[in-house]
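Hi everyone, thanks for coming. Today I'd like to walk you through one structure, step by step. Please have a look at it with me.

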Amino acid sequence: MYRKELSYYFASPIAYLVIGLYLVGISLFLWVIPGEWNIIDSGYAQVDGLFMLSPWLLMFLCPALTMRLFAEERQSGTWNLLIAKKVPVWRIVLGKYMAAWTLTAIAILPCIIHYFVVAAIAEPAGNVDGGQFAGSLIGLIFLSGVFISLGLMAASTTKNQIVAYVFGTLVCFILYWVLIQAHYESISRGVIDLRDVIFFLSVIAISLIIAITISHYKK
């Protein structure tokens, strides 16, 4: 299921569109569009804008990756075929989740280039906090995993892709604002706190359990 979903992403424009929108959007805000996130305008050798902007981009892009994961299966009848073959529901859901999370990680990792560019133009060269950047990058990958799990949970409730997208985006926005943001900002300071890691993993696990439960009874 993991290989099937991942190959589907790259066989269609979805993967390239999401990766392109994320990388181009981040690059424009960091280097071109004037404002508080623009590295050149700030006058400081830092890439904080990358980690401040990314959550808001990802909470719109992650549900776009997950909105079709159940709807297409149910509309085409593939879902019933998988169940008839006695494929465990948890394997189906987990495979879909890991494929979507892998895609978001592929989108995020090239952002390392911004770190090396800033390190190269800094005075003196290399005067950038590598530890904070690494911690922030790990936190961002965890955050994308949370958004994917929430989007997947939302998608499991409906056969309509638009409804799945809107619902997933709303869930990501509300939970980020109320619960997730504090943990993300904590890990973005460069210190990997076990409590933050446990929080992220717990949200992912709960979301997947709900998605598996709904998928087990919903056709």
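I'll talk about a helix, the core, a helix pair, a lysine and the cysteines.

First, some ground rules: this is a predicted model, where local features need pLDDT of at least 70, side-chain atom pairs count only at pLDDT 80 or more, and totals for chains, interfaces and linings use all residues. Residues are numbered from 1 along each chain as its sequence is written, and side-chain values use heavy atoms, with hydrogens and water left out.

Let's start with helix H9, residues 130-155. Helices here are DSSP runs of H or I with at least four residues, numbered from the N terminus.

Now the core. In soluble globular proteins, nonpolar side chains tend to be buried together. A nonpolar core is a set of buried Ala, Val, Leu, Ile, Met, Phe, Trp, Tyr and Cys residues joined through side-chain atoms within 4.5 Å. The largest one here has 64 residues, and Tyr22, Phe147 and Leu150 touch the most other members. H9 gives the largest share of this core, 12 residues.

Next, a helix pair. Helix H2 (residues 13-32) packs against helix H7 (residues 89-108) at about 40°, with axes 9 Å apart. Axes are lines fitted to C-alpha atoms over the stretch in contact, and angles run from 0 to 180 degrees between N-to-C directions. Contact means heavy atoms within 4.5 Å. Among the residues making this contact are Tyr22 of H2 and Leu103 of H7.

Helix H7 also holds Lys96. Is Lys96 buried or exposed? Lys96 is buried, with a relative accessible area of 0%. Beyond four places in sequence, its contacts include Glu5, Glu73 and Leu152.

Finally, how many disulfides are there? The count is zero, where a disulfide is a pair of cysteine sulfur atoms within 2.5 Å. The sulfur of Cys62 is 6.7 Å from its closest cysteine sulfur, in Cys172, too far for a bond. For Cys111, the closest is in Cys62, 13 Å away, also too far.

How values were computed:
Helices (H or I, at least four residues) and strands (E, at least two) are DSSP runs, numbered from the N terminus. The expected span of a helix is 1.5 Å times one less than its number of residues. Buried means under 20% relative accessible area, exposed over 50%, partly exposed in between (1.4 Å probe, protein chains only).
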